[in-house]
Amino acid sequence: MSTALLALLGGVMIGGAAALLLWAHGRIAGISGILGSLLPPTLAPDRGWRLAFLAGLLVAGALGARLAPAAIGASVRSLPLVIVAGLLVGFGTRLGNGCTSGHGVCGLARMSTRSAVAVATFLATGAITAWIAGAGS
Amino acid sequence: MTSVAAGSVRRRVIAIVVAAAAGALFGAGLLVSGMTQPAKVIGFLDVTHGWHGWHGWRGSPGWDPSLAFVMGGAVAVYALAYRRIRRGPAPRFADRLHLPTRRDIDVPLVAGAALFGVGWGLGGLCPGPALVAAAAGSTTGLAFVAAMLVGMLVQRAPARDRSRRTGSP
């Protein structure tokens, strides 16, 4: 299968999973929000579905990587740059109240203006950063 | 009474299992889509990738636009489901839909999205794929997730003094 078809199939699975969470629990499938609200000082009272959703995600990752090791790509950056990237993603997604899933998938589909602004912004700064940093180390 | 209590427990167990299934499907979708491959993500974000001069209207031959189909497919499916679910009965295991209510475009929204984009373009991972990569045992994934958790904690640290903010997108 071409990578475009795999991307489309993966996207349909992601959209279906987010729809299942909305249908069952009435919640937005935003990964940074689900994860972040389990951390202090928020410590959301409804931890059950959050922990279960994240556990499912982690199990899929662990099993999927065994079945198809190539699906987990090698790093293209040195460890210090990976850590800088992780810090920015953690800080930025909590400050902006969402990431690729909450704003990108759920927000755009709900025609949220906040999410459209967030997506346009992170695609723009992501493109500029990828262009400057390049594909190598 | 016992049967009612047992029914309530059973319902709560099913609710948790369904949430876990949604997470697993989400994670599998990320693996299938290519979002867990940093080089592919960076090749998508960098629209000039492989650019060595004019190659006609189709653009640079090195640019890989395929990841646009991930968001396209996910948004299409979710948009259809959202319209149906919003008109339908209450969620299966909750009293109501918990949807974001804010509409204002403020500085934290734009600044946060901008910082997130820089991190995504630099590392090639966003939060979901990072968790999947970490669960797969990837050193990069584990380091990225550890740093991401620190970033999240640091961002919310001042909130101890202020009023609580909601974490909705």
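## Reading the A–B interface

In this predicted model, 105 residues of chain B are in contact with 107 residues of chain A (contact: C-beta atoms, placed from the backbone, within 7 Å). Local features need pLDDT of at least 70 and side-chain atom pairs pLDDT 80 or more, while totals for chains, interfaces and linings use all residues. Residues are numbered from 1 along each chain as its sequence is written, with chains lettered from A and ligands numbered from 1 in the order written.

User: Which element gives the largest share of chain B's side of the contact?

Analyst: Helices here are DSSP runs of H or I, at least four residues, numbered from the N terminus. The largest share, 18 residues, comes from α1(B).

User: And how do those chain B residues split by class?

Analyst: Ala, Val, Leu, Ile, Met, Phe, Trp, Tyr, Cys and Pro count as nonpolar, Asp, Glu, Lys and Arg as charged, and the others, Gly among them, as polar. Chain B's side has 70 nonpolar, 27 polar and eight charged residues.

User: How do α1(A) and α3(B) run relative to each other?

Analyst: Axes are lines fitted to C-alpha atoms over the stretch in contact, with angles from 0 to 180 degrees between N-to-C directions. Here the axes come within 6 Å and cross at roughly 30°, so the two helices are roughly parallel (angles under 35 degrees). Their contact has 20 nonpolar, six polar and no charged residues.

User: Is α5(B) mostly covered or uncovered?

Analyst: Buried means 20 or more other C-beta atoms within 10 Å of a residue's own. By that count α5(B) is mostly covered, with nine of its nine residues buried, including B:P127 and B:L131.

Notes. Two residues are in contact if their C-beta atoms, placed from the backbone, lie within 7 Å. A residue is buried if 20 or more other C-beta atoms lie within 10 Å of its own, exposed if 12 or fewer, and partly exposed in between; C-beta atoms are placed from the backbone. Angles under 35 degrees count as roughly parallel, over 145 as roughly antiparallel, 65 to 115 as roughly perpendicular and the rest as oblique.
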